[in-house]
Amino acid sequence: MGLCLIASLASTLTIAGSILLVALGLGAVIFVHELGHFLVAKLCGVKCEKFFIGFDIGGIKLSRKWGETEYGIGVLPLGGYVKMLGQDDNPGNIVEQIEKSQAMAGSPNAKQIVGPDGETLYVDKRSYLAKSVPQRMAIISAGVIMNIIFAFVFAFWAFGIGVPIIPCVVASTTPGSPAWNVGLAPGDEITKIGDRVNPSFEDLKSNVLLGDLENGVPLEVKRAATGKTEEIVLKPEVKGKLPMIGVATAASNRLSPDLAVVEGSPADLAGDFQPGDEVIRVGDKSVTNLSDLTAVLAERAEEPLEFTVRRGGQAPEGDLFGPRVAGKEVKITVQPNPLHRLGLVMKMGPIAAIQAGSPAEAAGVRPGDVLEKVNGKSIGTAPEGEASLDPLTLPETIAQFARDRESVTLTLRRKGAASDAPSEDITIQPREVTWIESPVTFDTPMSVPALGLAYPIVAEIQSIISGSSAEEAGLQKGDQVVKAEWLNLPKSIQERTASQIEFSADKLSWPAFFVQMQTLPPRSEVKLTFQRGEQERVATLVTRPVEGAFWPERGLDFEPDKRLRVAISWSEQAELAADETISALTMVYRFLGKLWEGQIPVTAVGGPVMIANVAYFAADEGLGKLLIFLTMLSANLAVLNFLPIPLLDGGHMVFLAYEGIRGRPANERFVVAMHTIGFVCIISLMLFVFALDFGWIDRGL
């Protein structure tokens with residue numbers, strides 16, 4: 001009980017510490033912006049009446065007056081402001097300003113200026129309005145300049161203490177995706193994206209999101225198989241609403257600190273794995289990363305495997321994410337993971353994609369070809385008395401031929417061939433597979449990694465396996481499944497599983513549904529809604545193990561692979577900081593451009609709640625990660641605040657430029673109209689992003 005209480009208290013203190021870091025960090029970004037305005041205004045001789053972080057709505061504030069300035073924190077933490085003498089962001093108060101002006105005529109503290117209509121006005125010599133256009137431009141732009149300076153400062157500090165990054169190493173590729181099509185393989189490392197050298201996985205995501213859909217994203221890739229570097233161009237494709245290339249992040253060989261194993265899996269049934277365990281051997285093979293482990297699992301799916309884990313190891317000094325040292329070794333035997341089925345054989349479509357450099361490409365197989373047979377066995381259905389192959393288990397069938405060093409003969413009906421044209425036989429030597437390709441999204445085809453081809457499987461029943469749950473439930477050939485809903489799943493699994501899946505003729509959801517089935521406890525119940533003729537019917541089925549067939553993964557959950565990027569010299573620290581700052585600044589412009597073009601939906605923008613959430617998770621990874629986030633936020637604030645929108649600093653700069661050219665301020669009515677439009681736009685945007693943050697508007701991403 002005492003240990004639980006101490007652990008709970010430690011967790012609470014850690015959360016509280018992260019929240020405090022976030023509050024200080026966000027406050028610092030706002031503070032330096034307003035500090036820029038304040039310092040330059042003081043240098044120009046302007047009287048500053050207030051310096052506030054947050055807005056003192058209704059007079060609710062914590063403040064103290066030193067000298068002529070009141071310093072304080074307002075109750076509304078959505079920004080800050082500096083109140084300068086003579087500055088009024090409400091142009092509707094111009095009449096009041098003119099009346100005050102006339103009262104100052106003849107005063108030794110007054111300065112004569114020209115009003116919007118050419119009239120003579122008098123203002124206090126220390127007021128904002130008394131300063132020249134270049135001085136006022138300097139005051140207005142100082143906040144943005146300070147944000148850019150401190151973006152660099154934050155990044156410089158971060159790379160001095162070290163920034164945790166996810167390396168740009170390919171863990172897996174999604175079948176049929178751009179990355180899969182060009183032949184990116186597990187273990188390949190992307191060493192350059194455009195001009196950015198040694199990028200992180202975050203760099204890859206942002207460059208894909210903001211990339212050129214027509215010309216693609218240029219990459220340099222160090223191949224895991226050969227160690228050679230190649231130049232490739234990846235053209236992102238838009239699936240859903242965002243561009244993607246189909247690359248998953250690399251994982252470490254350490255079990256997740258939150259989950260460790262999937263409930264009901266063979267690893268869970270083994271009973272001995274603990275969060276944070278580091279898998280160092282499987283059988284007699286050493287494991288240093290997840291790719292090593294995957295190779296063993298793919299090759300020996302049908303065998304019990306002895307896992308050796310390091311428990312209680314410590315990270316080496318100065319490298320939080322390096323291989324653990326010390327600790328104790330624990331051996332755990334994990335049984336094979338039986339393949340689970342409902343007993344449905346679904347309809348296979350024509351080949352959708354061929355992987356570059358694959359055996360299928362070399363043999364002349366093309367997208368659009370229809371795969372009818374493998375070694376004389378029909379796929380899906382077969383004449384009475386003949387055995388058939390299931391499109392879902394075909395990848396493992398071909399992989400076994402590769403392990404046995406045997407070739408396969410594919411019978412193909414070529415794309416565009418006449419209905420009475422003969423099929424064509426092609427003999428291929430499949431490659432040995434040391435990785436796992438899974439259709440993880442519900443719009444992904446099934447792949448045969450040993451051949452390098454992918455095909456869709458739609459939710460139309462081709463045949464029923466004898467003695468299966470599907471046969472007992474009365475499903476028939478030709479039934480069209482339209483929905484699947486998992487029943488009675490454990491709560492821990494519900495939180496990470498899509499419990500309801502929709503199917504349609506143009507949605508390739510069945511392969512991902514099949515993969516999802518392998519991650520659930522044995523004998524899971526699912527309610528299928530299906531169409532038979534004009535009738536919609538419902539049946540409840542139970543997953544059952546298939547004798548002699550196994551799924552390679554065994555239910556272990558690994559944390560992402562991370563490395564600490566830390567500068568080894570002052571010059572490198574400055575170089576990394578400058579690169580990070582420039583990247584953050586240009587990313588904002590690129591994001592706005594893609595938003596304007598429609599490549600990124602407006603629902604992708606985030607508001608204060610999202611910013612606070614992202615900041616919290618950054619702080620949870622350490623001070624270095626939080627500082628990099630503040631670099632991005634400070635750069636964002638600099639760019640957005642300098643957009644030519646009335647009420648923002650950029651809008652003020654436009655009016656000042658107009659005044660400098662014309663010799664007097666802009667017309668009162670015009671300024672009032674522009675400020676009104678700016679106010680409406682800003683308030684509308686704030687309401688929109690708040691609605692997105694609180695889920696009142698579905699982002700649909």
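## Exercises on a predicted model

Apart from neighbours within four places in sequence, Ala130 contacts Lys111, Ile113, Val123, Asp124 and Lys125, where contact means heavy atoms within 4.5 Å. The model is predicted, so that local features need pLDDT of at least 70 and side-chain atom pairs count only at pLDDT 80 or more, while totals for chains, interfaces and linings use all residues. Residues are numbered from 1 along each chain as its sequence is written, and side-chain values use heavy atoms, with hydrogens and water left out.

**Exercise 1.** Locate Ala130 and decide whether Ala130 is buried or exposed.

*Solution.* Step 1: Ala130 lies in the loop between strand S6 (120-124) and helix H3; helices (H or I, at least four residues) and strands (E, at least two) are DSSP runs, numbered from the N terminus. Step 2: buried means under 20% relative accessible area, exposed over 50%, and partly exposed in between (1.4 Å probe, protein chains only). Step 3: Ala130 counts as buried because its relative accessibility is 3%.

**Exercise 2.** Classify the packing of H3 (residues 133-161) against H13 (residues 570-597).

*Solution.* Step 1: the two helices pack at an angle of about 130 degrees, and their axes are 8 Å apart. Axes are lines fitted to C-alpha atoms, for helices over the stretch in contact, and angles run from 0 to 180 degrees between N-to-C directions. Step 2: angles under 35 degrees count as roughly parallel, over 145 as roughly antiparallel, 65 to 115 as roughly perpendicular and the rest as oblique; H3 is therefore oblique to H13. Step 3: among the contacting residues are Ile148, Phe152 and Trp157 of H3 and Trp570, Ala574 and Leu585 of H13. Step 4: by class, this contact has 13 nonpolar, three polar and one charged residues, where Ala, Val, Leu, Ile, Met, Phe, Trp, Tyr, Cys and Pro count as nonpolar, Asp, Glu, Lys and Arg as charged, and the others, Gly among them, as polar.

**Exercise 3.** Describe the largest nonpolar core and the surroundings of Trp510.

*Solution.* Step 1: a nonpolar core is a set of buried Ala, Val, Leu, Ile, Met, Phe, Trp, Tyr and Cys residues joined through side-chain atoms within 4.5 Å. Step 2: the largest has 56 residues, and Leu410, Trp510 and Phe513 have the most contacts inside it. Step 3: helix H12 (residues 510-518) supplies the largest share of this core, five residues. Step 4: beyond neighbours within four places in sequence, Trp510 contacts Leu344, Met346, Leu392, Ile457, Ala459, Val481 and Phe503.

**Exercise 4.** State how many residues of helix H9 (residues 394-403) are buried.

*Solution.* Step 1: seven of the 10 residues of H9 are buried. Step 2: they include Leu394, Ile398 and Arg403.
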